[in-house]
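Colleague: Let's walk through this model together. I'll ask, you answer.

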Amino acid sequence: MTAGTGGQRLSVERLTVLYDAQCSLCVHLRQWLMKQRRLVPLDLVPAASEEARRRFPGLDHAATLDEITVIGDRGQIYRGTDAWIVCLWALAEHRPRSHWLTTPAGRPFARATVLAAAKYRSLTATPCGSGDSACTVPGSGD
């Protein structure tokens, strides 16, 4: 997987996946990712945590709680559908599928999967209210 700015292509040698540690689906997918054989190392870090803020001080951390964000070791940022695809690309057994998901035939399937996950998450997440500790991000100090 390569991404770049200004036409420059940058290879990806390590990825950081920012996931919502309060979301049961996100935690399940984190555990699944950790069990897979990886071609590219993955660091799984709770979104908006102190660790995420330390590693990526210029990132909109509130947005990372709304949408999966994956960051490449050379500053590449993937969000939403692209983030899911790059996670699959990092896995030995799923790399061929990730390539297909970037094609015109596969892209709608990738998008539908991300939308279904977002819908599931919205139906199962604990609503945040003032003073609700369920909405506190681990390590955020909030």
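Colleague: Which residues does Leu15 touch, leaving out those up to four places away in sequence?

Modeller: This is a predicted model. Leaving out residues up to four places away in sequence, the list for Leu15 includes Val70, Ile71, Gly72, Tyr78, Val86 and Ala90.

Colleague: Which element gives the largest share of the largest nonpolar core?

Modeller: That core has 23 residues, and Leu15, Val17, Leu42, Val70 and Tyr78 have the most contacts inside it. Two or more residues each come from β3, α1, β4 (42–46) and α4. The largest share, six residues, comes from α4.

Colleague: How many residues of helix α4 are buried?

Modeller: Helix α4 spans residues 80–89 and is mostly covered. Its buried residues are Gly80, Thr81, Ala83, Ile85, Val86, Cys87, Leu88 and Trp89. They pack against β3, α1 (24–35), β5 (69–72), β6 (77–79), α5 (95–101) and α6 (107–124). Of the 10 residues in α4, the buried ones number eight.

Colleague: Why does Thr16 count as buried?

Modeller: Thr16 sits in strand β3, residues 15–19. Among the residues it touches are Asp43, Val45, Phe56 and Thr69. Buried means under 20% relative accessible area. Thr16 therefore counts as buried, because its relative accessibility is 7%.

Colleague: Which side chain makes a polar contact with the side chain of Thr16?

Modeller: Arg55 is one of the residues that Thr16 touches. The polar contact joins the two side chains at 3.5 Å, and the partner of Thr16 is Arg55.

Colleague: How many disulfides does the count come to?

Modeller: Cys23 counts as buried, at 7% relative accessibility. Cys87 counts as buried too, at 3%. A disulfide needs a pair of cysteine sulfur atoms within 2.5 Å. By that rule the count of disulfides comes to zero.

Colleague: What pattern does the chain follow along the sequence?

Modeller: The secondary structure comes to six helices and six strands. Read along the sequence, the pattern is β-β-β-α-β-α-α-β-β-α-α-α.

Colleague: What share of the contacts with a separation of 6 or more comes from residues 24 or more positions apart?

Modeller: For context, the chain has 142 residues, and buried residues make up 38% of them. Its accessible surface comes to about 8,300 Å², with 54% belonging to carbon and sulfur atoms. Among contacts with a separation of 6 or more, the share from residues 24 or more positions apart is 60%.

Conventions
Residues numbered from 1 in each chain as written. Predicted model: local features only at pLDDT ≥ 70, side-chain atom pairs only at ≥ 80, totals over all residues. Heavy atoms only, no water. Helix = DSSP H or I, 4+ residues; strand = E, 2+ residues; numbered from the N terminus. Buried < 20%, exposed > 50% of the residue type's maximum accessible area, 1.4 Å probe, protein only. Polar contact = N/O pair within 3.5 Å; in protein donor to acceptor, adjacent residues only side chain to side chain. Contact = heavy atoms within 4.5 Å. Areas by Shrake-Rupley, 256 points an atom, 1.4 Å probe, with all protein chains shown as cover. Core = buried A, V, L, I, M, F, W, Y, C linked by side-chain atoms within 4.5 Å.
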